Amino acid sequence: MKIIEFSAEDHDLIEQAFAVITAAHHADTPENPAPVERFFKTLFTHALPGRENHWYACVEDGALLGHTRTTFFTDENRELAIVRFGAVHPDHRGRGIGSALLDHVERACAEHGRTTVLTGAPVYWEGGPERHEDFARLLEDRGYKKALTTVNRRSPVDPLGAEREAEEYAKALAAAGDAYEVRQWIGPVPDDLLDTMCRMETTIINEIPLGEIEMEIEHVTPEKLRASEAVYAAEGRVIAHSVALDAAGEIVAWTEVGVDEGDYRDAHQAITIVDPAHRGHRLGLLLKLANLRQIRERFPHVEYIWTDNADVNAPMIAINELLNYTTVDANAEYQRKLEAV
């Protein structure tokens, strides 16, 4: 058994890696959306701007037993590494594979000058299905500290029914008043909104709850935003946007949902954010309701919207509860400090 680095040229290992995460999904989190093959394989060929990915596998006699992806930031956050464990195959657990991968990844992070490692582990949440927390315990035993807990929730794409949805939309629209224009689109950001969207994207780190996670603001430029959109297109991810514009045409609130190309029934709620100066007008609810309408019209095969929120994000949790999101499970983000080599 040994740990190796692999890449986009290692087609057999990539096929095996996808088979491992699929097997782990069936064994560990069958209630959650299944892994999407095109999305997974594109991670080897495309990286979001300002990032580079490194893949490590535990192999034995040509068989991949477990793997992980490590992301290094190349602009801001150059001391940070994000480690996402693909999985250890259910048939090979209990052999120290997770520990061996962590040993290797931590050394690689230190060699690349990264002094903070951030990773996550699934955990049980009250009311949800049972979750094995062996990996969370392993992280804690190795000195990782829990920095943030996000709760994973699911809602039908038509959570309220036509009459109640119309009532809630009318109330949110009345709270917003005449000061805002709602605008929607599918796919890339329109050219006339590019600069204001970059400003909005740059504010995300300052505005979302991060718990104890240490992360700098990422400055989003038009070039970086367009590069991100090219990655989404390669992955087969289509983004449904709804924004609120103020009188000057600036985006002051925004929500987006990612839909995978094909007949996947699950879509994924990403960011919902309101500029602090424009809170208190129910813009978050207004845009989420508007986006649900857009998704039902454009993607009639989608049945469920999945989202995750920090467990301390009370305003967004309240909106999601109104929209009949139900809790499934949670993910704990763990952080550890390393000494650079």
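Trainee: Is E168 buried or exposed?

Mentor: Buried means under 20% relative accessible area. This is a predicted model, and in it E168 comes out at 6% relative accessibility, so E168 counts as buried. Its salt-bridge partner is R282, with the closest N and O atoms 3.9 Å apart. R282 sits in the loop between β10 and α9, while E168 belongs to helix α5, so the pair links parts of the chain 114 residues apart. R282 itself is partly exposed, at a relative accessible area of 34%.

Trainee: How many salt bridges does a search of the whole structure find?

Mentor: The count is 31. Some residues join up into a network of salt bridges, as D103, E106, R142 and R336 do.

Trainee: Let's turn to helices. How do I read the length of α3?

Mentor: Compare the end-to-end span with what you'd expect at 1.5 Å a residue. Helix α3 (residues 97-111) has 15 residues and reaches 21 Å from its first C-alpha to its last, close to the 21 Å expected. Then look at which residues are hidden: the buried ones in α3 are I97, G98, L101, L102, V105, E106, A108, C109 and A110. Just after the helix, G113 takes a positive phi of about 80°.

Trainee: What about the nonpolar cores?

Mentor: In soluble globular proteins, nonpolar side chains tend to be buried together. Here the largest nonpolar core has 30 residues, and A244, L283, I295, V302, I305 and L323 touch the most other members. Among the elements that each supply at least two residues are α5 (162-176), β8 (237-245) and α10 (314-322). Helix α9 gives the largest share, eight residues.

Trainee: Which residues is L283 in contact with, beyond its neighbours within four places in sequence?

Mentor: L283 contacts A176, Y180, A244, V252, A253, V274 and H278. There's also a second, separate core of 25 residues, which includes L65, L101, F135 and A136.

Trainee: How do I step back and judge the whole chain?

Mentor: Start with the inventory: ten helices and twelve strands. Next comes the radius of gyration: a compact globule of 341 residues would have one near 20 Å, and the protein chain has 21 Å, which agrees. The C-alpha trace spans about 65 × 40 × 35 Å along its principal axes.

Trainee: What share of the residues counts as buried?

Mentor: That's 50% of the 341 residues. As for contacts between residues at least 6 apart in sequence, 73% join residues at least 24 apart. The accessible surface comes to about 15,600 Å², and 49% of that belongs to carbon and sulfur atoms.

Note on methods. Residues numbered from 1 in each chain as written. Predicted model: local features only at pLDDT ≥ 70, side-chain atom pairs only at ≥ 80, totals over all residues. Heavy atoms only, no water. Core = buried A, V, L, I, M, F, W, Y, C linked by side-chain atoms within 4.5 Å. Buried < 20%, exposed > 50% of the residue type's maximum accessible area, 1.4 Å probe, protein only. Helix = DSSP H or I, 4+ residues; strand = E, 2+ residues; numbered from the N terminus. Contact = heavy atoms within 4.5 Å. Salt bridge = Lys/Arg side-chain N within 4 Å of Asp/Glu carboxyl O. Expected span 1.5 Å × (residues − 1). Rg over C-alpha atoms; globule rule 2.2 N^0.38 Å. Areas by Shrake-Rupley, 256 points an atom, 1.4 Å probe, with all protein chains shown as cover.
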